[in-house]
Structures are given as structure tokens and as C-alpha cells.
Amino acid sequence: MSSERESQFFCSEDNIMLDGFSASAIYGVHIIHYLSQHPEKPSITSTEIARAYNIPYDSTMKVLRQLAKSGLVMAHRGFKGGFSLRKTAQEISLGDVVESIEGSIEVRDPLADTVGDGMIRASIGTIMTEALLTLRNSIKAITIDHLGQHVHNVTMAPGRITTQMSRSNNSLE
């Protein structure tokens, strides 16, 4: 039996704060998840996807174009056109989706070289690089299939959302 810890994401009413990822990246995860939940359909329209999660249509199209460009989804033209996954949900990680929308997760020093102490900035850079490497590895380890299987483990309470996570591999339990 694995030991568990709670992971909390703060929210107000229905708005969940997932600091660190853009709205587009979160939309991308929703879009990929939706496509993975409907394997019986050869393609799904952007309108259906947008309506399913109440994502603005323009944002849905923008994200779908990015996902197609990165090779995660395929666009189908014509009367019965729409979108489908190029890979299975077991082959697509949360990290794949986030990086296809936001690019590589990197540490960037916002200060000019003449500002501040170089040694302090180098130390901060090293610490942040290690933290981002841990984050990158964690989100690369969680597949869309895994995410979909464990959506039911999320409990919403006023002011917060709680999920059960395993300490051994930081994956959703």
C-alpha cells in the first residue's frame, strides 16, 4: 500500500488556479482528454470540443492548430472533418501537451547582466533549474490515459480541490 499525500489547488467558485501553466495549456489537456474519451468517433469537430468544456471557440481552434503542428492531433478536412489523436492516450503525456502549447519549460533570468549579484543569480538559476527538471519529469510521467482513469479521485470542496497522489512517483492515485 503506497503512502499518500494531498495535493491542493486553490479555487474560487468554479475557477481553479493552476499557476505555472497558461490557459491555453490547460485547454490543450482538456482537448486531448476529450478526444481520448471518444475513440468510437473517427473525428470530432472543434465546435463539439469547445462546447464540451465551455472553452471559447477561438481558443479551441488556436490550441488545436498547435496540437496538430506538434503531431499530437490530426486534422480531417471535408464534410465529416474534425480532429482525432495521432497517438493513443497511453502514449501522450501531460508534459507533451504542455510543451506543445508553451514550448520547452526553461528557467529564464529576467535581469540584465549588470543588475544584482552574479553569484546569487547563478545560485537561484541552479535551484530553479533543478525544480523545473523535477516538474518536467513529473508531468512527462503522467499520461492522458492515467489522468482520465483517475479523474474520479478529485474531490471539490469550497475553496480548494483535493487529489490523492502517491509519494513514490508523484502520479495521480
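## Strand pairing and the hairpin

Which residue in E4 is the bridge partner of Val 73? In this predicted model, the partner of Val 73 is Leu 85, and that bridge belongs to an antiparallel pairing in which strand E3 (residues 73-76) and strand E4 (residues 82-85) are joined over 4 bridges. The hairpin that E3 and E4 make has 5 residues between the strands, and within this hairpin Gly 78 takes a positive phi near 105°.

Ser 84 is part of strand E4, and with a relative accessible area of 13% this serine is classed as buried. The side chain of Ser 84 makes a polar contact of 2.6 Å with the side chain of His 76.

The protein chain contains 6 helices and 6 strands, and read from the N terminus on, its elements follow the order β-β-α-α-α-β-β-α-α-α-β-β. Of the 173 residues of the protein chain, 34% count as buried. Among contacts between residues at least 6 apart in sequence, 64% join residues that are at least 24 apart.

The accessible surface of the protein chain amounts to about 11,000 Å², and 55% of this surface belongs to carbon and sulfur atoms.

Side chains of opposite charge can pair when their charged atoms come close. With a cut-off of 4 Å between the side-chain nitrogen and the carboxyl oxygen, the count comes to 4 salt bridges. One of them joins the side chains of Lys 140 and Asp 96, at 2.9 Å from N to O. Lys 140 lies in helix H5 and Asp 96 in helix H4, so this pair ties together parts that are 44 residues apart in sequence.

Glu 99 forms a salt bridge with Arg 136, the closest N and O atoms being 3.4 Å apart. Here Glu 99 is located in helix H4 and Arg 136 in helix H5, and the pair therefore ties together parts that are 37 residues apart in sequence. The side chains of Lys 140 and Glu 99 also meet in a salt bridge, at 3.5 Å from N to O, and this pair links distant parts of the chain, with Lys 140 in helix H5 and Glu 99 in helix H4, 41 residues apart.

Ser 100 is found in helix H4, which spans residues 94-102. Ser 100 counts as buried because its relative accessibility is 17%, which falls under the 20% limit for that class. A polar atom of the Ser 100 side chain lies 2.7 Å from the backbone oxygen of Val 97.

## A nonpolar patch on the surface

Ile 120, Ile 124, Ile 127 and Met 128 form a nonpolar patch on the surface, and together they contribute about 390 Å² of accessible area. Ile 124 is found in helix H5, which covers residues 118-141. With a relative accessible area of 47%, Ile 124 is partly exposed, and a patch residue needs over 30% relative accessible area.

## A positive phi at Asn 54

Most residues other than glycine have a negative phi. Asn 54, in contrast, has a phi near 60°, a positive value in a residue other than glycine. Asn 54 lies in the loop between helix H2 (46-53) and helix H3 (57-69), and with a relative accessible area of 70% this asparagine is exposed.

Technical notes
Residues are numbered from 1 along each chain as its sequence is written. This is a predicted model: local features need pLDDT of at least 70, side-chain atom pairs count only at pLDDT 80 or more; totals for chains, interfaces and linings use all residues. Side-chain values use heavy atoms; hydrogens and water are left out. Patches are made of residues with over 30% relative accessible area and no salt bridge: like charges are joined within 9 Å, nonpolar side chains (Val, Leu, Ile, Met, Phe, Trp, Tyr) within 5 Å. Accessible areas come from the Shrake-Rupley method with a 1.4 Å probe; for residues, only the protein chains shown count as cover. Helices (H or I, at least four residues) and strands (E, at least two) are DSSP runs, numbered from the N terminus. Buried means under 20% relative accessible area, exposed over 50%, partly exposed in between (1.4 Å probe, protein chains only). A polar contact is a pair of N or O atoms within 3.5 Å; within protein, one must be able to donate a hydrogen and the other to accept it, and residues adjacent in sequence count only if both atoms are side-chain atoms. Two strands pair if DSSP finds at least two bridges between them. Contact means heavy atoms within 4.5 Å.
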